[in-house]
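Have a look at it yourself before reading on.

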Amino acid sequence: MKIVMLGAPGAGKGTQAKMIAEEYAIPHISTGDIFRANVKGGTPLGMEAKAYMDRGELVPDELTVRILLDRVAKDDCANGYVLDGFPRTIPQAEVLDSELAKMNDRIDFAIDVEVPDENIVRRMSGRRACLNCGATYHIEHIPPKKEGICDNCGSELVLRDDDKEETVKKRLAVYHEQTQPLIDFYNKKGVLKEVDGTVDSAEVFAAIKKVLA
Ligand code: AMP
């Protein structure tokens, strides 16, 4: 099963993607996570991506498509995957589509997690991340056991640069301009499924399971 998650940054698609990956035993592939791992590791890819990420802009398609295609070519993707944060532009979706078509394959479901912008800004300013192990929390909804400290590894939690209010607003503008057209793209292909992302994450997941059944 090949699934694409759609939705604004902060709509909760990452959380849902992880739950889907576990339920259906397929890898969760987040281009944002791949970029962040490269930033942390100081690789040339990370150095190139960081400037765009810090400004709330998209990393250029050419670079992003290359890392995504490398990732989905790995053996663990043979039975499918759930893509989180890719595609983000029509050209990215078109490349993915044509690469899959070469193997007589296609995306089975594009799940749009719908949340209005005003909820997103509120949600994201409460997000906290562990830069050491990658765990994410929310001060209201998923608080760590000890304030400001990662449950997994004990490192200090931070508000990521790309979760700061100014950056969030910029990312929402980028989303509406470049990523929202994908809803129409996948709708035309007959694979779009929309779920309400404003309810709690277990309810969102129940709705997703229904559409995947
Ligand atoms: P995310 O964690 O998915 O919100 O991604 C964080 C940042 O990584 C984004 O704001 C972009 O700068 C970059 N990024 C992640 N995925 C993509 C993509 N498919 N295309 C372009 N840039 C991306």
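**Ground rules.** I am working with a predicted model, in which local features need pLDDT of at least 70 and side-chain atom pairs count only at pLDDT 80 or more, while totals for chains, interfaces and linings use all residues. Residues are numbered from 1 along each chain as its sequence is written, and side-chain values use heavy atoms, with hydrogens and water left out.

**Entry 1: the ligand.** I looked up which residues surround the ligand, and found 15, the closest being Thr31, Glu57, Gly85, Gln92 and Arg171. I then sorted the shell by class and got 5 nonpolar, 5 polar and 5 charged residues. For this sorting, Ala, Val, Leu, Ile, Met, Phe, Trp, Tyr, Cys and Pro are nonpolar, Asp, Glu, Lys and Arg are charged, and the others, Gly among them, are polar. Helix α2 (residues 31–41) gives the largest share of the shell, 4 residues. Helices here are DSSP runs of H or I with at least four residues, strands are E runs of at least two, and both are numbered from the N terminus.

**Entry 2: polar contacts.** I searched for N or O pairs within 3.5 Å. The side chain of arginine 36 has an N or O atom 2.9 Å from a ligand oxygen, and that of arginine 88 has one 3.2 Å from a ligand oxygen. Valine 59 uses a backbone N or O atom, 3.0 Å from a ligand nitrogen. The protein covers 95% of the 480 Å² of accessible area that the ligand has on its own, by the Shrake-Rupley method with a 1.4 Å probe.

**Entry 3: helix α4.** Which residues of α4 are buried? I noted Leu63, Thr64, Val65, Ile67, Leu68, Arg71 and Val72, where buried means under 20% relative accessible area (1.4 Å probe, protein chains only). Their cover includes β2 (28–30), α2, α3 (44–54), β3 (81–84) and α5 (90–102).

**Entry 4: lysine 2.** Lysine 2 sits in strand β1 (residues 2–6).

**Entry 5: serine 155.** I found serine 155 in the loop between β6 (136–138) and β7 (157–158). Its C-alpha atom is 8.4 Å from that of cysteine 133, 22 residues away along the chain.

Definitions and conventions: Near = heavy atom within 4 Å. Polar contact = N/O pair within 3.5 Å; in protein donor to acceptor, adjacent residues only side chain to side chain. Buried < 20%, exposed > 50% of the residue type's maximum accessible area, 1.4 Å probe, protein only. Contact = heavy atoms within 4.5 Å.
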